[in-house]
Amino acid sequence: MTIAVQPSSVRSGFEFDREQELLHTHCAIPFSFLGLHGHPSGKGLVLRVWRPDAFRVDVSEYPTGKLMGSMRKSDSGGFELSFPRRRKHFNYQLSVYLEGGGHQKIYDPYQFGEYVLKEEGIDFDALYRHQGAQLQQHSFNARRHVQGVLFRVYAPNARSVSVVGDFNQWDGRLHPMASADDGIWRLFIPELDEGALYKYEIHDAQGNCLPLKADPFGRFSEQWPGLASIVHDEKKYQWQDKGWLDTRGQLYDKPMSIYEVHPGSWQRSPESEPLDYRALAKKLIPYVKKMGFTHIELMPVAEHPLYESWGYQTIGMFAPTSRYGSPDDFKYFVDRCHQAGIGIILDWVPAHFPNDDHGLAKFDGTALYEHPDSRRGWHPDWKTCIYDFGRPWVQDFLISSALYWLDEFHIDGLRVDAVASMLYLDYSRNDGEWEPNIQGGNENLEAISFLKRLNQTLYERFPTAMTIAEESTSFPGVSRPVYDNGLGFGYKWNMGWMHDSLEYMKEETINRKYHHDKITFSTVYAWSENFVLSLSHDEVVYGKGTLLTRMPGDDWQKFANLRTYLTFMYTHPGKKLLFMGGEFGSWHEWNHDKGLDWELVEDSQSLNAGIQKLTRKLNKLYQTCPELYELDCSESGFQWLVSDDRDQSVLAYVRFDSEGHSLVVIHNMTTNVRHGYTFGVPVAGKYKLLLNSDTKEFGGSGVAPGKGIETVHKTNHGFEQSLSLTLPPLASLVLKPV
């Protein structure tokens, strides 16, 4: 028989100090005081419970349910009950009667001390397996278990941390967490399930209470104004894309045509609301499949508090934004893409983060994630914090995030945003606003080291996935392996090609001969990196217009120019990326609050529909002609035929595949029809016309290059045979030797 004995009213100094710490939410070692412990007198056990919101707490033995006694409440709000005849710890439940009314029967979180504080080896590259809110099961014995959530959060400089949420009325007094030498705070809360809202209440080293913090490793987030993290069960979703993952491979010698999408504004519902992930799967995937793109690149879907940031001010590095549904809804979208044979690339943002109160900034009262020196920890352009890339925890955190998307969501690639801002200490800074590195240079050596480790780790663990750098400078070896002194990315956006070619295309056609080098210069460096030719969202915002409106001339010329430009991109060495709306020549700049102008292509005979048909044709041509992709990364896949005809603004080149087969491409960049244009080609004989961007099907004038295209024996451009063609106005031709 167990006898419950009320404790003496005299409190020891240890007990008083601990209760005062709990009262002021400053307790860092709650398991040393709460739960079952040896009685200070040496006789039996004492149970201590901290429930300042209750007026009565009863203790029952588990699993028998036998009442063991009522606990005595101290002046501070703690409860205590002694068991002088007990020697061994036992399992119990509490009946808690709340001051404001109501009754709870619960397991005491502080009876699980050994389970909580025992931590096996941590894989620091995959911290998501250890950190955050993990649904777990604690076993009392072989037959009895309790389900709950094990919370872990890194806050090494905090005085105390509590879990608060809708399950404890956001009361920081009720669930203080336990600190440890590794800086990680832990607490298992039994009977808590998915869907629970939570944050962390953190007191800094001086005892000041900070704004409530969302979980840096939170898997699911509440939208404004709550912005809480949400407990989520990651193990429920059943993937059906094994066939895709088993056959997925690197694409250096394969076609890669990427459709860049902002999920909230690709298309809207009849009520002008963004589509959710499942509606996107239903509508976007068939469209992308029909258009012939191989991949969808999503602008950042990691949780971000400000929709207007397009996702580039990320706070939830492990959470798909709940604006469009749950994490399982996002998994469904990726799964359906893979089942349709479409790869998924995510924009991922390790360069900076916003300083919202509930985020990473001053997380434990110190610069835990951001660099403490504002010259390296604050971005003047974006008014955001910059990660401290030299800190091991920050590197582990970011690499874990990257791995998480590849692992948990089966993502095929990450496009790493704003790499240039990471590489240089003087990025967007004037003299005196930055400090040289230890070698006296402007390179951010810590960021460079981080990027190398990031790419090495990702390719080691997911060798068939890829990383793509948005890097706008001439930093060497961005897409070269780390062992070859590179950064280790798989690909790099070709910002130089994008800038120069758009500058050329916006010129009036009569003036293009004065800017000829802008359209040819890209082949000087085309094989210095593994390039993606990007016509991204950045080119259709901030008053730049659209691809169509940048083109000179009247409406007919604008569309003809765009058709030629798209053909130039698809036949130029490098993988392809086109932002949504560019595939049909949108007239309006992209607006994140509206869907695309789909009414422009409702009439199948419109000029916009012609651009759409051409894009579809280009994707098909690109994927069925190895000459256009197999040797993208090798200079042997390209040869100029005509690069110096600036007076007539004509370009001609040949693309080769790995077996020496070839395609001939020629562009007339003016409105003049050029009859009998003659140029040398490497292969003699008949040629088949694969594409004429000026056909009426695409909205062109219908000028044909001629009948029976065949070489003549005439030396030209170093070749013994030549083609003589009619070049349609503002048009491109693609020819294949028969």
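1. Helices and strands are here DSSP runs, of at least four and at least two residues respectively, numbered from the N terminus. The model under comment is a predicted one. Within it, strand S31 covers residues 687-692 and contains Lys688.

2. Lys688 belongs to a positive surface patch, together with Lys290, Arg616, Lys617 and Lys620. The largest contribution to this patch, three residues, comes from helix H14 (residues 607-624). Lys688 counts as exposed because its relative accessibility is 52%, and the cut-off for that class is over 50%.

3. Helix H13 (residues 555-571) is mostly covered, with 15 of its 17 residues buried. From first to last C-alpha, H13 reaches 24 Å, close to the 24 Å expected at 1.5 Å a residue.

4. The whole structure holds 38 salt bridges. One of them joins Arg186 to Asp182, at 2.7 Å from N to O. Arg186 is buried at 3% relative accessibility, whereas Asp182 is partly exposed at 35%.

5. A salt bridge of 2.8 Å (N to O) connects Asp412 with Arg248. These residues are 164 apart: Asp412 lies in the loop between helix H7 (392-408) and strand S22 (413-416), and Arg248 in the loop between helix H3 (242-247) and strand S15 (257-261). Both Asp412 and Arg248 are buried.

6. In the salt bridge between Glu435 and Arg375, the closest N and O atoms are 3.5 Å apart. Glu435 is in the loop between helices H8 (419-423) and H9 (445-461) and Arg375 is in helix H6 (residues 374-377), so the pair ties together parts 60 residues apart in sequence. Glu435 is partly exposed at 39% relative accessibility, and Arg375 is partly exposed at 32%.

Definitions and conventions:
Residues are numbered from 1 along each chain as its sequence is written. This is a predicted model: local features need pLDDT of at least 70, side-chain atom pairs count only at pLDDT 80 or more; totals for chains, interfaces and linings use all residues. Side-chain values use heavy atoms; hydrogens and water are left out. Patches are made of residues with over 30% relative accessible area and no salt bridge: like charges are joined within 9 Å, nonpolar side chains (Val, Leu, Ile, Met, Phe, Trp, Tyr) within 5 Å. Accessible areas come from the Shrake-Rupley method with a 1.4 Å probe; for residues, only the protein chains shown count as cover. A salt bridge is a side-chain nitrogen of Lys or Arg within 4 Å of a carboxyl oxygen of Asp or Glu. Lys and Arg count as positive and Asp and Glu as negative; His and the chain ends are not counted. The place of a charge is taken as NZ of Lys, CZ of Arg, CG of Asp or CD of Glu. Buried means under 20% relative accessible area, exposed over 50%, partly exposed in between (1.4 Å probe, protein chains only). The expected span of a helix is 1.5 Å times one less than its number of residues.
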